[in-house]
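Welcome! Here is a friendly first tour, arranged by topic so that you can follow along in the viewer.

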Amino acid sequence: MGKKKQQSSKSQTEDLISSLEDFTSKENWDKFYTSRGTGDSFEWYGEWTQLRNSLITVLKQVPSISDESPASPQILVPGCGNSRLSEHLYDAGFHAITNIDFSKVVVSDMLRRNVRDRPIMKWRIMDMTKMQFEDETFDVVVDKGGLDALMEPELGPALGNQYLLEVKRVLKSGGKFVCLTLAESHVVALLFSKFRFGWKMSVHDIPQQKSNKPGLQTFMVVAEKENSTVLNQITSSFEHLSLSSSGNQVTGLHAAFENENHFRREFSNSSDIQYSLEDIKLGVKGDLTKLQPGQRFQLTLCGQRDSIYSYKAVLLDSQEDSGPFSYHCGVFIVPKTRAHEWLFSSEEGQWMVVESSKAARLIMVLLDTSHSNASMEEIQKDLSPLVQQLAPENDDSGAQIPFMMASDGIKHRSIIQEVTSSLTGPIIVEDVIYEDVDDTVSKLLPSKDLIFRRLVFQRAENLVQSEALLTTEGSSHKTTETVKKKSSSSSKTKRKGAQSQNDELKNQLNVYHGYLASSYHTGIISGFMLISSYLESMASSGKMVQAAVIGLGAGLLPMFLHGCMPFLHIVAVELDSVMLNLAKDHFGFVEGSRMEVQIADGIQFVKQGRNSLTTGSNSTKFDILIIDVDSSDSSSGMTCPAADFVEQSFLQTALDSLSEQGLFVVNLVTRSAAIKDSIVSRMKEGSLPGCIVLFLLKNVLSECLMYSYEFQEVFCHLFCLQLEEDVNLVLFGLRSKPCSTEDDFPEAAVQLQKLLKLKHPEISQSIVDSSKKIRLLK
């Protein structure tokens with residue numbers, strides 16, 4: 001209803017608004033009715049003379065009224081207040097009326113006023129959002145402003161939603177919900193969406209009294225309960241242009257009316273309709289007691305009475321050729337921080353989860369901010385009665401539905417700093433202890449609880465952009481300062497972090513730049529084997545190899561290269577200056593004679609050439625060019641890079657920027673084969689000369705072969721590296737043929753290992769081991 005009520009010259013309206021600040025407060029209403037006194041009615045939505053014809057016409061069409069059965073229909077008037085509407089209906093011959101209101105003051109007043117003249121009419125103190133009636137009790141529910149009162153914009157739709165669930169529950173089949181409303185946009189949006197499947201809806205205008213100052217128009221929305229799952233169009237009995245009410249009000253209603261009908265027309269062509277649990281129970285998706293292989297649909301889960309929360313969910317029945325199954329039905333809960341990851345937000349990713357869950361039917365529940373204060377135990381308890389209604393028939397009727405959850409495997413988390421950048425958005429620097437760590441690092445640095453420092457981009461739903469190992473050895477650059485610096489106001493920084501109880505220990509820890517936590521970084525460096533002869537010749541002659549890394553992040557890859565390859569001169573290019581500050585403050589990044597940083601657009605940097613943006617070198621070509629930037633839209637299915645970095649025009653520019661022996665690297669992160677196909681196809685259509693080396697970090701070698709067929713018509717050489725279950729596709733482009741043939745790869749791997757100056761041979765060995773897996777695809 002908002003704060004906009006019918007405008008009237010009567011001072012009663014002003015008194016009402018001033019005394020009722022919250023239309024959902026029982027205390028406010030009690031106070032209001034007490035102050036107005038006995039017998040003082042106020043009609044907000046029109047007098048009886050305006051409403052009579054429309055209401056009586058609808059009531060006489062209720063199935064319980066006919067020539068053979070003249071019995072009066074059972075009518076419920078929720079939120080009756082002190083309106084005389086019920087009295088007029090009674091006097092018009094409709095005696096079976098039950099009135100409810102949560103104000104004891106007004107119910108007592110109305111009972112005294114009507115007990116003699118209208119003895120059959122009932123009055124009860126009751127909350128309209130929690131009715132105490134049995135299912136299918138009434139033929140008609142007549143609402144005069146009740147829904148509007150619950151729909152204060154500041155409070156959201158929760159109360160209105162709960163009330164409409166109750167209305168639908170207490171109505172008999174064939175019954176009607178008659179809603180007198182001002183039809184504000186947020187009200188009709190909820191009203192239209194809640195009466196879709198199994199309901200027939202119509203909208204009518206209520207005649208206004210003649211006035212020099214016309215107020216807001218009252219409308220009557222009628223929803224009839226049918227034994228059908230058909231999604232009907234909403235009809236109306238008026239032409240919106242002919243109404244004499246407020247232009248904005250009519251325009252808003254007409255827009256909502258047209259949008260809803262457009263939605264209903266398009267329903268049959270869409271696979272992403274958000275069903276309600278009531279829709280499903282009506283049978284809009286068929287008999288859910290039977291598994292339907294390959295079935296997938298989205299729905300909203302919320303209960304009528306006992307459920308505290310509302311949930312967005314996806315129901316998926318395993319594909320025909322899946323199995324065997326461990327569970328007949330399972331629930332997979334996705335935390336708020338991961339709900340927008342491609343694996344959980346896309347259909348392709350969701351089917352992967354179904355396959356790994358070993359459930360014949362999986363109900364994936366995606367949590368949001370409304371569940372932030374709830375424990376997982378509370379959520380499971382709240383969800384249990386809801387998901388039970390979606391479980392298929394099972395021979396073992398006593399089997400419980402298991403709850404699974406996407407976990408990040410973190411045993412402890414400590415936030416070091418929270419930053420908001422105008423370019424990157426919210427960023428978190430945090431220290432974490434994992435439940436399990438990689439065997440390599442466990443052997444390298446035996447410790448009960450290894451601490452990792454992470455750089456997290458919240459815009460990508462908690463994408464871990466960088467991760468570093470903290471140790472008491474390695475870099476001499478402190479990563480946790482005793483005195484916290486005040487961040488620049490230009491970066492909109494907000495420091496919220498607090499040190500944990502082991503502050504003293506953390507102040508002694510440093511980022512260890514001799515270790516790479518990211519497997520794709522290892523894959524990138526292992527590809528250097530392809531130009532190892534060139535790198536060795538440059539190093540032995542005392543010449544510097546010119547390298548550029550587009551995308552600084554926490555600076556971990558540039559610092560690793562700087563430490564293990566002293567013949568590299570590295571330029572790190574970063575668009576966001578906040579990232580550079582974080583890299584220096586918390587990840588031990590330092591600039592020096594062989595390490596430069598440019599705050600610039602990466603694409604423009606490559607286009608303009610190194611010479612125009614850096615100093616100290618006459619070279620205009622890169623020997624190594626690495627693209628390692630994230631995409632701001634992770635829901636698209638591609639986490640890295642930003643789309644512009646895989647456009648044909650940029651790829652051509654990158655190739656032109658390379659030296660004759662130059663190596664181009666781009667890190668692509670996606671689980672979608674369709675996206676990979678699209679990018680590969682785009683590169684195929686280009687006219688890039690030379691050869692391309694493809695590193696496919698995925699566990700399906702056949703995909704490597706598939707991509708090789710796509711590339712062979714354009715590029716002269718293809719190479720594939722298969723690692724464990726990873727989603728990175730790292731593309732390496734060479735301006736000329738590799739320095740080594742496939743037969744020479746073992747020797748080239750040894751050559752690369754000699755070039756790596758690392759304290760721990762296990763780390764260089766892991767790089768070499770990856771390089772040994774590179775093979776030429778014919």
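The largest nonpolar core has 59 residues, and Ile525, Phe528, Leu535, Leu561, Met565, Ile624 and Ile626 are the ones that touch the most other members. Please keep in mind that this is a predicted model. From the cores, the tour moves on to a sheet, a loop residue and a pair of helices.

**The nonpolar cores**

**The six-stranded sheet**

- To trace the open sheet, follow its 6 strands in the order E9-E10-E11-E13-E12-E14, and you will find that their pairing is mixed.
- Strand E9 (274-276) and strand E14 (403-405) each have a single partner strand and stand at the edges, so one side of each has no neighbour in the sheet.
- On average, neighbouring strands here are turned by 30 degrees against each other, with direction ignored.
- At the E14 end, strand E12 (residues 327-334) pairs with E14 in the parallel sense, over 3 bridges.
- Within this region you can look for Val331, which stands opposite Phe403 in E14.
- Helix H12 (residues 347-357) packs on the sheet and touches strand E10 (296-301), strand E11 (311-317), E12, strand E13 (359-366) and E14.
- The direction of H12 makes about 130 degrees with that of E13.

**A loop residue beside the sheet strands in sequence**

- Gln400 sits in the loop that lies between helix H13 (376-388) and E14.
- Is Gln400 buried or exposed? Gln400 has a relative accessible area of 75%, so this residue is exposed.
- Although Gln400 and Tyr327 are 73 residues apart in sequence, their C-alpha atoms are 9.4 Å apart in space.

**A pair of crossing helices**

- Helix H7 (residues 158-170) and helix H8 (residues 185-194) have axes that come within 11 Å and cross at roughly 35 degrees.
- The crossing of H7 and H8 is right-handed.
- Which residues meet here? From H7 come Gly160, Asn161, Leu164 and Lys168, and from H8 come Leu190, Leu191 and Lys194.
- By type, the residues of this contact between H7 and H8 divide into 3 nonpolar, 2 polar and 2 charged.

Technical notes: Residues are numbered from 1 along each chain as its sequence is written. This is a predicted model: local features need pLDDT of at least 70, side-chain atom pairs count only at pLDDT 80 or more; totals for chains, interfaces and linings use all residues. Side-chain values use heavy atoms; hydrogens and water are left out. Two strands pair if DSSP finds at least two bridges between them. Helices (H or I, at least four residues) and strands (E, at least two) are DSSP runs, numbered from the N terminus. Axes are lines fitted to C-alpha atoms, for helices over the stretch in contact, and angles run from 0 to 180 degrees between N-to-C directions. Contact means heavy atoms within 4.5 Å. Buried means under 20% relative accessible area, exposed over 50%, partly exposed in between (1.4 Å probe, protein chains only). A crossing is left-handed if the near helix is turned anticlockwise from the far one by less than a right angle, and right-handed if clockwise. Ala, Val, Leu, Ile, Met, Phe, Trp, Tyr, Cys and Pro count as nonpolar, Asp, Glu, Lys and Arg as charged, and the others, Gly among them, as polar. A nonpolar core is a set of buried Ala, Val, Leu, Ile, Met, Phe, Trp, Tyr and Cys residues joined through side-chain atoms within 4.5 Å.
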